[in-house]
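Dear colleague,

Please find below the structure that I am handing over to you. My notes on helix packing and pockets follow it.

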Amino acid sequence: MSLLFALASLVWTVFWWALAWSNAPLLSEYSFFPLWLGYIGSINAISELLYKDSLLKRLGWRFAWLFIISMPLWWFFEYLNTIVLNWHYLYRPISELHYFLQSSIDFSTVIPAVLSVAFLFEKIMRGRLDYKNATWPKSIAWISLIIGILAFALMPWRPDLLFPFVWLAPLLVLDPISYWLGFPSILGHLAHGKWSKVMAIALAALFTGFWWEMWNFWSYPKWYYTIPYVGFLKVFEMPMLGYGGYLFFGLIIWTFTVFIFSSFNKDNAFTRI
């Protein structure tokens, strides 16, 4: 069944990939969600084939919650972009309601895509990067929180300088709170030497980001970037240095998801992954 599911997911993904780049009326405009649904299915199927385990298998019906909580997370980044104006969209004129609904459906794929890859990457790494427990200064969580809050407060005043904090400040604020509440956190994992897990999450976002940017390049609708100072050496539409933001974006995704799951149920399956 896993092999059949993997083949079906890959064929589905390639089909919608072709449609996305075809610029065919209507079909290409609504290709984003089914294309990324195929990506998510393919990653989980590969994980099942290699390790007889996957994020989808672990979470079961709870996997659907990843789609739901993904929407407000990315709308939050859309709000931050109204300050820094780093990315822009090209699309045919549509109503505000149409834009909101279609965008929300597309945004719903972000968390399940990245975390499915993170689960697979952690299996591949198998703790190879883990190290002995670290001793953190008690002040490190407070320092993180203060820097994150200051970045949010000052970003509207100097977005040309502080735009990198779009991908740092949410992590700097939320992760210490999770740490203090006793939820799984990046600070907690690093303190216990779980570098493999942290690297798997960060690299999963970078890996997924490559596919986001590659599939976007010849698609319509699409996005493009205007980033101060570092908008050179583009790989697809993204400046090369901009890919570094994906590493931190992955950590934000994981921290946000664990925070939501842990807030409602500390014994939820996701908190043990």
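In which hand, left or right, does α2 pass α6? The crossing of α2 past α6 is left-handed (left-handed if the near helix is turned anticlockwise from the far one by less than a right angle, right-handed if clockwise).

Please note that this is a predicted model, in which local features need pLDDT of at least 70 and side-chain atom pairs count only at pLDDT 80 or more, while totals for chains, interfaces and linings use all residues. Residues are numbered from 1 along each chain as its sequence is written, and side-chain values use heavy atoms, with hydrogens and water left out.

Helix packing

Helices here are DSSP runs of H or I with at least four residues, and strands are runs of E with at least two, numbered from the N terminus. The axes of α2 and α6 come within 9 Å and cross at roughly 20 degrees (axes are lines fitted to C-alpha atoms, for helices over the stretch in contact, and angles run from 0 to 180 degrees between N-to-C directions). The two helices α2 and α6 are therefore roughly parallel (under 35 degrees; over 145 is roughly antiparallel, 65 to 115 roughly perpendicular and the rest oblique). Residues of α2 including Trp36, Tyr39 and Ile40 meet residues of α6, among them Pro112, Ala113 and Phe119 (contact means heavy atoms within 4.5 Å). This contact of α2 with α6 has 13 nonpolar, three polar and one charged residues (Ala, Val, Leu, Ile, Met, Phe, Trp, Tyr, Cys and Pro count as nonpolar, Asp, Glu, Lys and Arg as charged, and the others, Gly among them, as polar).

Helix α6 (residues 110–125) also packs with α11 (residues 195–217), at an angle of about 130 degrees and with the axes 7 Å apart. Helices α6 and α11 are therefore oblique to each other, and α6 passes α11 in a right-handed crossing.

Pockets

The largest pocket holds about 1000 Å³ of space (a pocket is an open set of points on a 1 Å grid over the protein atoms alone, where a 1.4 Å probe fits, with protein on both sides within 12 Å along at least five of seven lines; lining residues have an atom within 4 Å of a point; a volume is the space filled by probe spheres set on the points, which are joined across faces, edges and corners). It is lined by 46 residues, of which Trp74, Trp87, Tyr89, Trp223 and Tyr225 are the closest to its centre.

The second largest pocket holds about 310 Å³. Its lining divides into 15 nonpolar, one polar and one charged residues.

Yours sincerely
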